[in-house]
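User: I have a model open and want to learn how to read it. Please take me through it feature by feature.

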Amino acid sequence: MFGSSKQTRDDGASSSSVVQIGRHRKCRRFDGLSVLPEYIDCGDCSRVCEYCGAFFWYVERALNMSIVAHPRYTHYCRGGSVVLPYPSRFPSRFIALYESRKFLKDVRAYNSMFSMTSFGANIDEDMNDSRGPYVFKVSGKISHKIGSLSPDLAKGPRFLQLYLFDTDHEVENRLRAFDGPRPTTLDSTVINYLSRFLGESNEYVRTFKTAKQMAEGMDLESYVVRLFNDIQDRRYDLPLPGSLGCIVAGDDTTSTTYDIIIHSQ
């Protein structure tokens, strides 16, 4: 067992000869390379675009527009011709919520509480008849249900209705909508703050609240809210102040040129 370090394969070749052949094949791969690839150091990415403040390497400068002492960079902002708005700064109290373990533990519940729409899909539960991990299977399309602006008196307000119905007791109504077999651990002060924050900064919430006030001012028992916006690129842009609007009308439901039409009943 310990007498020899050389082993023989079935075809008669020793393991040491096999290793030598493998090394020879690896060496032949580099025979055609006279010089190995050289590492190029471009220095630090410390240059700053004078227009947008983007950092770049000196070798990335625009050669036809730059001098040694003043390199120019045009890949990001095209020499200042493209100007992007800075992201909105959230209030310090809003950012502080994400430093709270208690809030992060219930963040999904808070998110669901302030949703304006419900999840709509044909869920197939036949996959979960046998043992195994739970499978969430959807058949067909997925949609968001916005429902009516007026709540069902038996069920109470839900989703978007919570922003419009009995706003003097909005916190209690939201907590009541989350009643279940277990007592809720959601903080009413956080709910009150988020409600006021969305009412002041969210364009959709402000639009629906305005529509309800207009309908009450015109004493309309049944009304329609037609949403429209002025967003050019609907894939990425968010609604800005003044770009989202609504038309409150009576029973005229013939218009089909708007994005969303919501009935009060």
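User: What should I know before reading any values?

Analyst: This is a predicted model: local features need pLDDT of at least 70, side-chain atom pairs count only at pLDDT 80 or more, and totals for chains, interfaces and linings use all residues. Residues are numbered from 1 along each chain as its sequence is written, and side-chain values use heavy atoms, with hydrogens and water left out.

User: How many helices and strands are there in the protein?

Analyst: Helices (H or I, at least four residues) and strands (E, at least two) are DSSP runs, numbered from the N terminus. Here there are seven helices and seven strands. From the N terminus, their order is α-β-β-α-α-α-β-β-α-α-α-β-β-β.

User: What share of the residues counts as buried?

Analyst: Buried means under 20% relative accessible area, exposed over 50%, partly exposed in between (1.4 Å probe, protein chains only). Of the 265 residues, 24% count as buried.

User: And contacts along the sequence?

Analyst: Contact means heavy atoms within 4.5 Å. Take the contacts between residues at least 6 apart in sequence: 53% of them join residues at least 24 apart.

User: How do I describe two packed helices?

Analyst: Use the angle between their axes and the distance between the axes. Axes are lines fitted to C-alpha atoms, for helices over the stretch in contact; angles run from 0 to 180 degrees between N-to-C directions. Now the case: the axes of α6 (residues 188-201) and α7 (residues 203-217) come within 6 Å and cross at roughly 85°. The two helices are therefore roughly perpendicular (65 to 115 degrees).

User: Which residues make the contact?

Analyst: α6 supplies L198, G199, E200 and S201, and α7 supplies E203, V205 and R206. They divide into two nonpolar, two polar and three charged. Ala, Val, Leu, Ile, Met, Phe, Trp, Tyr, Cys and Pro count as nonpolar, Asp, Glu, Lys and Arg as charged, and the others, Gly among them, as polar.

User: How do I read a strand pair?

Analyst: Two strands pair if DSSP finds at least two bridges between them. Six bridges join β3 (residues 118-124) to β4, and the two run antiparallel. I123 stands opposite V138 in β4.

User: Is β4 (residues 137-145) largely in the open or buried?

Analyst: Of its nine residues, the number buried is zero, so β4 lies largely in the open.

Notes
Angles under 35 degrees count as roughly parallel, over 145 as roughly antiparallel, 65 to 115 as roughly perpendicular and the rest as oblique.
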